[in-house]
Amino acid sequence: MSKKEDREEIIEGLSPRTFRASALVLEKISRWRASLEHVFNEVREEFNLSSQESRTVFYLSRIALLDVGLSIYVLERIGKHTLPLRRKSSFMVAVSLVNRYPHMEKRIEALRGGLLSNTLLRYTSFDFLEKKKEEMISLPCVEKVSYKYSIPPLLSRRLVEYFGCSRAENVAVSFMRKHVWLRATGPEKIEKVVEFLSSRGIKYRRDQDFDFLFELLLPEYEPLPSIDSSIGVYQDKASIVAVAELTGELSDMELFIDAAAAPFMKTSLLCGSPTGPKEIIAIDVSLGRIRDSMHNLRECVSPTHVVCSDARIFSIRIGKSFDGALVDAPCTNSGALGADPGLRLSLWDLNTEEVMKYSTRQSSILLNVLAMLKRGKKLVYSTCSLLPEEGEEVVARILSGKKAELLRPRLFFEPGYPKYDFAKNVTRLFPEKQRSEAFFISVMKKA
């Protein structure tokens, strides 16, 4: 069966029940700012969905999130942007359905239940949506990138500001695709990962930089296949690159700190090899995240101590200091739009004030960790963010205080944003070139 036929089969499985479940997924993402995968699993249990219903709900939720810019544009133009959340979510599902499958226009009335009024239904017609899409083409570039490609407005402004309109559109288009990376949990598990993928008929590419990493060529409209975490874990390539900046020096490190560590994906890379640090302290502020993620540390070779603490104020015993550090700081997660389309909705109203709260917190964590680092030792600072406020601006603050000097990353992909004079000494990854999440990585040495 072709991909098109497969998607058609999923759509034909629509019912008032799966329509309602899909709308609830969007409602919960808006309300709780949670990921698509997390909310979908919640709704699947709540509705006790069958396997076929689950495929339909996941697909419908995903395409509604990818088309959220069109839905918001229509709501703003018809003066309905203040709709109650449940009705707004239902409208978004209906808009996406008709946008991608015009023949579904006649079925929406039967599917909607009591979720959409007759007035709202008029604005989900295919002809009306086509007119709105034509209008978007002539919008100023920032608005066009935002509405046409469902990129939250603040992110759209930053992309156009630093890249110009043409490349901003290319980056926006690349976020429409989900890039999936699977990491073998050790060299001895690589063959088992190959067996797992082959037994399920999953196509893949071996990564050219890391022999234990696989890019999976999966249907984008289905949840990720489950794999035993003792064999392999889903971890984006950009995340692995951040840890790789420390490779080769880890075995010389007596004591290492991983700040903001949960869900411990990077920690497990650091502690899972005989050539890792002699001892690791992994810090996270959330006890819930720690509890949910401890299984990721079961393959550790290096002794790893998990501490529930705020990395901005954590302190180590007097007379002790760290030989290396990783600060993958909490951030907006704006670089993960491709991996989690729920971010398109949850970040739509993101503003500069909120971003600056993240930026201030990131600087505080970095300064505190630097204070506990031995002089001349290395620290990697990274964020899964498109925003310079969470990357270059944080580094600029540290450099201005002469707390550290910048080292050019060994694995260099693209320079940082050109506004900064140190742009060639930090690196960024983007989905349209590296097929990864958008990521910022810098390497520092304590002054």
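How many residues has the largest nonpolar core, and which of them have the most contacts inside it?

Guide: The model is predicted, so local features need pLDDT of at least 70 and side-chain atom pairs pLDDT 80 or more, while totals for chains, interfaces and linings use all residues. Numbering starts from 1 along each chain as its sequence is written, and side-chain values use heavy atoms, without hydrogens or water.

The largest nonpolar core has 84 residues, and Phe322, Val327, Leu379, Tyr381 and Met444 have the most contacts inside it. Such a core is a set of buried Ala, Val, Leu, Ile, Met, Phe, Trp, Tyr and Cys residues joined through side-chain atoms within 4.5 Å; buried means under 20% relative accessible area, exposed over 50%, partly exposed in between (1.4 Å probe, protein chains only). Helix H11 (residues 153–174) supplies the largest share of this core, eight residues. Helices (H or I, at least four residues) and strands (E, at least two) are DSSP runs, numbered from the N terminus.

Beyond its neighbours within four places in sequence, Met444 is in contact (heavy atoms within 4.5 Å) with residues including Leu366, Leu379, Tyr381 and Val395. A second, separate core of 56 residues includes Phe47, Leu49, Tyr101 and Trp348.

Leu366 is one of the buried residues of H17, as are Val355, Ile365 and Val369. H17 (residues 352–371) has 20 residues, which at 1.5 Å a residue should span 28 Å; its end C-alpha atoms are 28 Å apart, so the two agree. The expected span is 1.5 Å times one less than the number of residues.
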